[in-house]
Every structure is written in C-alpha cells, then in structure tokens.
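The exercises below are meant for a reader who is meeting this structure for the first time. Please work through each task before reading its solution.

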Amino acid sequence: MKKSSIIKGALLAVILLAVVLIPLFIGSEEPAAEGGGFYGTGWALLPPVVAIALALITKEVYSSLFVGILMGGLLYSGYNFEGTVLHVFQGGIISVLSDGYNIGILVFLVILGAMVSLMNRAGGSAAFGRWAARHIKTRVGAQLATVALGVLIFIDDYFNCLTVGSVMRPVTDKHKISRVKLAYLIDATAAPVCIIAPISSWAAAVASYVEDGSGLNLFIKAIPFNFYAILTIVMMVGMAIMKTEFGSMAKFEENAIEKGDIFGGKNPYANTAEEGEEQKGIVLDLVLPIVVLIVSCVIGMIYSGDFFNGASFVEAFSNSDASVGLMLGSVFALAFTIIYYCLRRTMTFRQTMECLPEGFRAMVPAILILTFAWSLKAMTDSLGAKAFVEGVVKGSAQGFQSFLPAVVFLIGCFLAFATGTSWGTFGILIPITLSVFPLTDPLGVVCVSACMAGAVCGDHCSPISDTTIMASAGAQCDHVAHVSTQLPYAVVAAAVSFVSYIIAGFVPNALIVLPIAIVLMIGTLFVIKIVNNIKTA
C-alpha cells in the first residue's frame, strides 16, 4: 500500500513538473501583462485545467486550487519569481477579497450559516424532521420534496443551495438518502432552476449583457430552448420515480440503504453541531425564519435595483445587485430570527449569540474554496481567456450555422468547467453570439440559450464552481465525492442536450424541439434502468 502511494506521488510530481515547465519552453518569458506569448492563447485555460485535474486525482481541493492559482501567476509574470508572488496575492487573493460583490456574498454565507445554526439549536430542523416523518413516507417522496423545494426557491443559487440543504437534511437522512445524492438534488435545482426563472439574480445577470434594455425579453424567449436546465429537472424527477441510479452514485446510495452510512466515508462537517432542543422546537421555528429570509432577500434585491426610487418591479430586479440584496435581506432575517426565538423563549439571548461563531465555522470550508476559486478566475482573466474564446467562437461561426448552437453549447460547457463560473461565461459568450446573429433571428435566440445552458452545465460539472461548492456545503458532504458522483448524471443530461441543440439548429421552434428533447431524456432514463436491471439480474 505504501509502495503504491509512493509511486502515485512520484508520478504526480513528474506530471506537475512537466505541466509547469512545458509552457516555459513553448511560450514566452515576456509577461502576459505586456501581451506576451501566453496572453490570449489556449495557455490561459491551463491554470483551471491543472486545478481540476489535481482535485480529481488527489481528492484534495484546497492545495489543487492553490497550485492552479500559482500556475496562473507563473504564466502571467513570464516565470518571474517576484512577479509571480505579487500577482498571486495582489492580483489574485487580495484582489478578490477586496471586491465589494465578493465580500457581500461571503457576508451572506456567514449570516446564512448563523441562521442554520440558530434553527438547529432552536430545534426547528428536528421539528421539521418529525413533521416530515409523518407526511413524507418514502425515499421517492423525500427526493421529490427536495426537488420541489429547490424549484420554489428560484431567487438565487447560493440562497437555494444552503436553504434547501438545511431544510431537507433531516428528511433525507431519515430515509437513508446519501448526502452526495442530496447534494446532487440541491445542485441540480440551483443554477438550472435560476437560469429559467425570469425573476432571479441570474436573469438580471444575463439581461445586463444585452444592450437597448431588451435583455429580459431575450431571456424569456430563450427559456424553452434551455435544454440542459429543463432536462436536468426531468432527469431528477424521472430517476426518483423509476428508483434507479448509476455510476458511483449508485454505490453511495446502496451503502446508505443497506448500512445506513449516508456519508459513504468522509464527513468534513463532523464537528458541526446539529442537535437541537427537540421537544421545544416546532415546525414554525424553521419555516418562519426561512419565509422571512426569502421575503427579505426579494425586498433587498429590488431595493438595490431602485424599486423604491420609482423603478418598476421588473426593472428593479433586472438592475438589482444580488450581492447587496442578499446581504441586506439576510441581515434583517437574522435580526428577526434572534428576536423571534428570544420572544418564544426557545433560546436565551446568550445562546443565540453563541450560534454566530458556530455558523461562521460551518461556512469556513465553503469560504476558503470560494476565495481560491475566485482567485483562479482572476488568473484566467488576466491571461486573456476571453480573447482566446472569442477567437474560437467567431472562427467556428463561418460555414455551418445550423450546427452553431451545439458548438456554442460545447464551448460554454468547457469554458464554465475550466473557470468554474457561469456568469463569467455569459459575459464572454453572449456578446459574441449577439455580434454574429441579430436579435430578430430565431437561431440567435437558440444560440443565446445554448450559451446559458452550456455555462450552467459546465458550472454544474466543475469542482471549482461556487454553486457546486455551495451544494456540498448545503448537504454537508465531502466536496470531491459530490463532484465525482454528480459528473456522470450531468454528462448524460449534457449529451441529450447536445443532440437537442443539433435538432434546434435546423428547426428553431421550441414547440417542436422541446417535446422531442424531453422524450429523448425519458427514453435515455428507461435505457439506463433496463441496463441496471440486466446487471443486477
């Protein structure tokens, strides 16, 4: 065992050394900041590729992300030691932690962690678990309830991940659903739902990339063509009803059912307090704070979009700042929750204050990974990844326009997977697509939808995606286990979506293509179930 570990470590070291040194001989020592040999080339995507490969090989995400950041610093500085150190910290870590938007998201996470801790300590989660035990009788019901709650919370993916996780963990644990399956259900109802919801922070982000104020209208037109998002929801519901799993997820589920081991091994949240005063807590102790949080976040988002200064609701949501809105909404919800529990005498004021650092500690893994993931994106931005992708897309737009939606979908998948960001992918691909097609062209609408679907798909698969990280945090499971079990599911939905975009390139009519796509997805699930039955026979 020790010998194999040494061999594996030596092989990994050789690969790392090769990856670091090859660009040095092929590229240029001129700094990328000065338009050197690495800027605007395929090398700009090397740092995230290195980080992802290391995370999947070593099963350790923190060091993998940092090595990716370091690789970006080396390429940016032309392998200059001082330039590398300065860019990694000043241009990367310090830069992203100085960004107001990022800080707002981190504050929101800390407050949400504190609220989850409060609800657990007050017994709200335990009370909901008792209620669910009486009303949700089966594993299928528990999975469908998780999907339904995820669909209902469509405002923002961060909010969705952590809220659905905290509410549904007691229910899925009782029915012996593995934490990685819960993480998949959370992740698959976060970004995929937000990207087809007109009233969401994602709709606001997409609309901001379109000029003349027609962004929201374009977003709504593109919804029926967002095959990946729609088919992911169909896939979740279909697999729950058919009671079938595949890939490594099947092993985790089998382990949970037969042995009661919902973690399948490693539990990074083992020290997080989950116990509450079960007899004191009531369902309202969980439901009311969450309802107030939802309402407060909606008000916070329209406030940030100048709703109270005369803007209409739609305009305010389109112009909203998700970071500011979620932060303000969560602050008011936290204050309400503390006062509510004190008035109910469920907890003393001192006990509520003890929950604040507990909530912060619970969010430390997610905050650390997010900080590194943002820093990694800063590296790819500084290396001109946008310029490289723009050249690839424009080069592929000539000669086979009917296949362009499928091509754009693949490019969106790869870019979001490599960078770990959907919104960054929107910012790169949507303006390029709109420069190729006018808004009046039906194929242009399909291509914009393919941009969004590809971005969500890549984000869904990527281990460095903030939404994927939040889903792991919401389910409180090992992050690498979540990524490895979710990947086969996402690939199946992506494959059916790719075929659907080929059809849509020739027949850009949602009334025809969407039903075909749904039938293809359901048919694929039946084939998977049949294959599983043959294997177990």
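**Exercise 1.** At what angle do H5 and helix H15 pack, and how far apart are their axes?

*Solution.* This is a predicted model, in which local features need pLDDT of at least 70 and side-chain atom pairs count only at pLDDT 80 or more, while totals for chains, interfaces and linings use all residues. Residues are numbered from 1 along each chain as its sequence is written, and side-chain values use heavy atoms, with hydrogens and water left out. Helices are DSSP runs (H or I, at least four residues) numbered from the N terminus. H5 and helix H15 (residues 284-304) pack at an angle of about 160 degrees, and their axes lie 9 Å apart. H5 is therefore roughly antiparallel to H15, a term for angles over 145 degrees, as roughly parallel is for angles under 35. Turning to the residues, Phe 108, Leu 112, Met 115, Met 119 and Ala 122 of H5 meet Asp 285, Leu 286, Pro 289, Ile 290, Leu 293 and Cys 297 of H15. By class, this contact of H5 with H15 holds 10 nonpolar residues, no polar ones and one charged.

**Exercise 2.** Describe how H5 packs with helix H17.

*Solution.* Begin with the geometry: H5 (residues 100-122) and H17 (residues 322-344) pack at an angle of about 25 degrees, with 8 Å between their axes. H5 is therefore roughly parallel to H17. Next come the residues that meet, which include Gly 104, Phe 108 and Met 115 in H5 and Leu 326, Ser 330 and Tyr 341 in H17. The residues of this contact of H5 with H17 divide into 18 nonpolar, five polar and no charged.

**Exercise 3.** Which residues have the most contacts inside the largest nonpolar core?

*Solution.* A nonpolar core is a set of buried Ala, Val, Leu, Ile, Met, Phe, Trp, Tyr and Cys residues joined through side-chain atoms within 4.5 Å. The largest has 139 residues, and those with the most contacts inside it are Leu 109, Phe 227, Tyr 228, Met 235, Phe 409 and Met 452. Helix H22 (residues 442-461) supplies the largest share of this core, 13 residues.

**Exercise 4.** Is His 482 buried or exposed?

*Solution.* First locate the residue: His 482 is found in helix H24 (residues 479-506). His 482 counts as buried because its relative accessibility is 0%, where buried means under 20% relative accessible area and exposed over 50% (1.4 Å probe, protein chains only). Leaving aside neighbours within four places in sequence, His 482 is in contact (heavy atoms within 4.5 Å) with residues including Tyr 184, Asp 187 and Cys 477.

How values were computed: Axes fitted to C-alpha atoms, helices over the stretch in contact; angles between N-to-C directions. Helix = DSSP H or I, 4+ residues; strand = E, 2+ residues; numbered from the N terminus. Parallel < 35°, antiparallel > 145°, perpendicular 65-115°, else oblique. Nonpolar A, V, L, I, M, F, W, Y, C, P; charged D, E, K, R; others polar.
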